[in-house]
Amino acid sequence: MTATYREQGDIAVITLNNPPVNGLGYDTRKGIVEGILQANENAAIRAIILAGEGKGFSGGADIREFNTPKALQEPWLQTVIQIVENSGKPVIAAIHGVAMGGGLELALGCHYRVAVAGAQIALPEVKLGILPGAGGTQRLPRILGLETALNMIVSGNPVMSEKLAGTKLFDHMITGELMAGAMDFARKVADVRPLPKVRDISITYPNADGYLQFARNTVRTVAGPFPAPLKCVDAVAAAVNKKFDDGLKVERDLFLELVQTSESKALRHAFFGERAASKIPDVPADTPLRTIRSAAVIGAGTMGGGIAMNFANAGIPVKVLEVKQEALDKGMNILRKNYENSMKKGKLTQEQLEKRLSLISGTMSYDDIGQADIVIEAVFEDMSVKEVVFKKLDEVMKPGAILASNTSTLDIDKIAAFTKRPQDVIGTHFFSPANVMKLLEIVRGEKTAKDVLATTMALAKTIRKTGVVSGVCDGFIGNRMVEQYIRQAGFLLEEGCLPEQVDKAIEKFGFAMGPFRMSDLAGNDIGWYIRKRRYVEKPEVTYSKVADLLCEKGRFGQKTSAGWYDYKPNDRKAYPSDEVNQMIIAHSKDLGIEHRKISDQEIIERLVYALVNEGALILEEGIAMKASDIDMVYLTGYGFPLFRGGPMFYADTIGLSNVLMAINRYGKGRHPEAWVPAPLLVKLAAESQAFN
Ligand code: T1G
């Protein structure tokens, strides 16, 4: 049973026991109702305590049940809460750890709430694209006041229980053992009548409508493509302006509307996808981890410095090695500047800045880093340079140290072979800026030991990254897919688009930045270097030559104040360049291609479906273990719009048959070789299946 009932003298205790977070699934809801009824039928029972086993009181409704029949199977959560509230004997919620979403709503339906400090209190539904659907938008404003409640509901952010100690939410804060304290409290209130109900509290707020209008205007500016935040305001407005039961109806209708939206499904997909990414099928969850107490980074450049900051931010001492004093000094100065900028923005205190800088030290001697538990190489992207570094690391690093490479495309197995300990070698591909971007591609070599993989995945969580495991191939998951995306962008220029049209179309789709603005930011020469290698290694892969022409003019992007766009000093705005646009048009003429009008829809389909098709090949080859991993890569590393759930999830929402039809249509265009449908896509489409 996921909700147990026991009687302790004259107090009944209903314990939620549905690991991992006491999600209020059907069985748990049913168990609570049975417990309340049983306690009310036993005359010897004077009060009822509702508590949670394990990590907390309750993490809310069981999100896995959403859009399944179980979610709507009586007793609904609202029914459970109604039964609790109408109990003839006082029900006391005893809160620890977490009381979130439906868990907090359940507590609000109780007559009393007691808590210990350190519990996360939240109505985070908005982060899942929905809103509290079991009375939270009606009860929280009544017990915490309009402003505090509205802020908590619209942000979804947790507040620690101790911060709410002085409010009506908690009738008593327990300083000792929770259950003992709850028992004492229950006996104290057992005979108090009438039983206090949150629904009976009235909301007093002068000019509430004016405040709500202000709230709507504010929320509208930040909600972006997500409908839920504004609906949260509407639901809370109903708490102010309507009778309780009428307000509940408004809330219920808004909840049912939101739970069906594609935005909510995308957010729920991302929620589970983030957690699923850390699960590696052939690596047991209880694999013993290697201890990571210290780190070293080879290379104090942009990437090396950013990587080092991740360790310092997590309180892990880190040594940065450079071969030249000047480069080391430059790197360390950049680190300090980064932290000072964060402090100026109020993200860091002076004390935190000093603490983090104290954890980072520079050296020019490999002997200084031998005792580090992990070393991450972030030197020039050239195999001969990696060879020198890894042979040296193999010499100096203590046995059991993890030897990681930040390579973005090179073969980890080849790098591992430079050492006598390939089992300790792994890829940790950070994304620039490494101290900001959440994505960490963890590249598993053929010989990478399972405990090294498990340790690196755990380290990703420690340094607040989303770790996604990739197999070894050129470009791993993200860059291999983005190459197809950029190929299509180049072809579109040859056929009739200009950079601004492509960027605007895909940014309207929701990408943070289109391919040409992105390339100007990253540096067009990076792609140029990779293409030159590709022309030799894979001559069969066709590219538009427009990007090469651009680079031959030295237009590498923002760093040269000229790329696909023109740039002005101290101004990051991208200005369309007549010179480049003329070059593009002339190039098409040279190719004998008649420029045609290309719709935004075609631009979006060709860019996004190019990602999807390559993603399907990556899935098939086992480079990515699951489609949601690919989605997490694109959501956390490539600016794919969160409200669309990632490329593979988006393809599922379009329908794989439709995606395949479009791919076949583009395969009849100028580059059929770039549109060979992935067999997995063909198979799933034929079976009306989905990637996720
Ligand atoms: N339902 C189902 N599974 C959940 C879950 C939930 N609500 N919350 C967490 N899990 C799973 C998660 O997928 C992972 O599973 C494991 O629990 C540990 O999670 C009517 C309708 C509670 C703060 O949005 O914020 O109530 O991968 O790694 O870091 O108004 O989980 O191990 O198999 O995150 O200790 C509202 C979401 C639901 C809370 C714990 N509630 N959860 O953090 O563990 S909607 C939420 C969290 C609702 C009502 C509406 C966190 C946590 P696995 P974890 P954690």
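**View 1. Tyr112 and Phe185, an aromatic pair in a predicted model.** At 7% relative accessibility, Tyr112 counts as buried, where buried means under 20% relative accessible area, exposed over 50% and partly exposed in between, with a 1.4 Å probe and protein chains only. Phe185, likewise at 7% relative accessibility, counts as buried. This is a predicted model, in which local features need pLDDT of at least 70 and side-chain atom pairs count only at pLDDT 80 or more, while totals for chains, interfaces and linings use all residues. Residues are numbered from 1 along each chain as its sequence is written, and side-chain values use heavy atoms, with hydrogens and water left out. A search of the whole structure finds 18 aromatic pairs; rings of Phe, Tyr and Trp (its six-membered ring) pair if their centres lie within 6.5 Å, and planes under 30 degrees apart count as stacked, over 60 as edge-to-face and the rest as tilted. Tyr112 and Phe185 form an edge-to-face pair, 5.5 Å centre to centre with 75° between the planes. The pair links distant parts of the chain, since Tyr112 lies in strand 6 (residues 112-115) and Phe185 in helix 6 (residues 178-189), 73 residues apart; helices (H or I, at least four residues) and strands (E, at least two) are DSSP runs, numbered from the N terminus.

**View 2. Phe516 and Trp564, an edge-to-face pair.** The ring centres of Phe516 and Trp564 are 4.7 Å apart and the planes stand at 65°, so the pair is edge-to-face. Because Phe516 lies in helix 19 (residues 515-522) and Trp564 in the loop between helix 21 (546-552) and strand 18 (565-568), the pair ties together parts that are 48 residues apart in sequence. Phe516 counts as buried at 5% relative accessibility, and Trp564 counts as buried at 4%.

**View 3. Polar atoms around the ligand.** An oxygen atom of the ligand is 2.6 Å from an N or O atom in the side chain of Lys55. A ligand oxygen atom also lies 2.8 Å from a polar backbone atom of Ala61, and a backbone N or O atom of Gly102 is 2.8 Å from an oxygen atom of the ligand.

Note on methods. Polar contact = N/O pair within 3.5 Å; in protein donor to acceptor, adjacent residues only side chain to side chain.
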